[in-house]
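Hi,

Here is the structure I promised to pass on to you. Please have a look at it first, and then read on for what turned up.

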Amino acid sequence: MNWKRAQTLFIIVFFLINVCLVYVYIDKYNKSKVNPASNDTGVNFAQENIKLPKNIPDVSKVKMQLITARSRNFEEEAERRSDASQSDDGYVLTKKVTEDVNVRVDPISHLKPYINDNVYKGDEYQYHETKDNEIGYEQTYEGFPIMNNQRAALTFVASDNRVKSYKQSAMQDIRPSKGENNKRHKVISAYEALEALYYNQYLKDGDEVKNLRLGYYTVVKETNLQVLQANWEIQVKSGKETKTYYVEAVSAKPKIIEQ
């Protein structure tokens, strides 16, 4: 075969391959786009074979900022009470529950009155999850949970459908962090947070978003002082594995933390 002819043929084939690759890329990109007005996102997660929860939180009117909080020490309270003890250098209080609190039918509604009346800052805690015989609550700030934080948790231990004891940690002196630049900012939407995961390859074909919620996540942690930032907590099931991600909620280019 003539070498010049072969060289020309090779160049033509190479060019056609590149044209095809460009076409495939553009086609995939266009298919991933939907009307932004419909759900505030450029990614069609259904077409990308990514399953989302049915109820996506609407945070269009929410503004948040950095907050600072101190950990409550329960040493003095534990010393005063015969039914209580402390651990973790006083930052965790364990107390027996002598009242009859039946949680067989509805642990949330039956426990909340007890929490409000008997637990330190009880009205600031909201239900989070139940695992085996433990019923977990999280402390909140302005209605948003302080997420995945061992210094802002309330856990009840139940047996025979009745609460036996609880362990509590708590934040106090929760307030906006000092600084002229620490103003309230509009949070990104849930879809924008999901897009951040998608474009950073944390959310892929076949994945399922099990849960997502907006709250506060610790970004600076000292012995008894924490700085917390607005974040989206997103749980993603990929195959048999479930991972939790935290996506900055007040940044146009949010950082992502994999838990």
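**What turned up**

Let me start with one arginine: Arg-184 is partly exposed, with a relative accessible area of 40%. On this scale buried means under 20% relative accessible area, exposed means over 50%, and partly exposed is anything in between (1.4 Å probe, protein chains only).

Before going further, please note that this is a predicted model, in which local features need pLDDT of at least 70 and side-chain atom pairs count only at pLDDT 80 or more, while totals for chains, interfaces and linings use all residues. Residues are numbered from 1 along each chain as its sequence is written, and side-chain values use heavy atoms, with hydrogens and water left out.

**Salt bridges**

Arg-184 has a partner: its salt bridge with Glu-142 brings the closest N and O atoms to 2.9 Å. The two come from distant parts of the chain, 42 residues apart, with Glu-142 in the loop between E6 and E7 and Arg-184 in the loop between strand E10 (171-176) and strand E11 (185-186). Helices (H or I, at least four residues) and strands (E, at least two) are DSSP runs, numbered from the N terminus. Glu-142 is partly exposed too, at 46%.

In total there are 12 salt bridges, each being a side-chain nitrogen of Lys or Arg within 4 Å of a carboxyl oxygen of Asp or Glu. Lys-95 and Asp-83 form one of them, at 3.4 Å from N to O. Lys-95 is buried at 8%, whereas Asp-83 is partly exposed at 21%. Arg-81 joins these two in a network of salt bridges.

**Arginines over rings**

Arg-72 bridges to Glu-77, with N and O 4.0 Å apart at their closest, and also lies over the face of Tyr-120, 4.3 Å from the ring centre. A charge sits over a ring if CZ of Arg or NZ of Lys is within 6 Å of the ring centre and within 35 degrees of the ring normal. Arg-151 does likewise with Tyr-91, at 4.2 Å.

**Aromatic pairs**

I can also point you to 10 aromatic pairs. Rings of Phe, Tyr and Trp (its six-membered ring) pair if their centres lie within 6.5 Å; planes under 30 degrees apart count as stacked, over 60 as edge-to-face and the rest as tilted. Tyr-127 and Tyr-137 have ring centres 5.7 Å apart and planes at 80°, so they are edge-to-face. Tyr-127 belongs to strand E5 (residues 125-131) and Tyr-137 to strand E6 (residues 134-141). Tyr-137 is buried at 3%.

**Where to be careful**

Mean pLDDT (the predictor's confidence in each residue, from 0 to 100) is 87 for the chain, and 84% of residues reach 70 or more. Helix H2 (residues 36-39) has the lowest confidence, a mean of 39, and strand E7 (residues 144-145) the highest, at 98. Over residues 28-38 pLDDT stays under 50. Where pLDDT is low, the predicted coordinates should not be read in detail.

Best wishes

Methods: Contact = heavy atoms within 4.5 Å.
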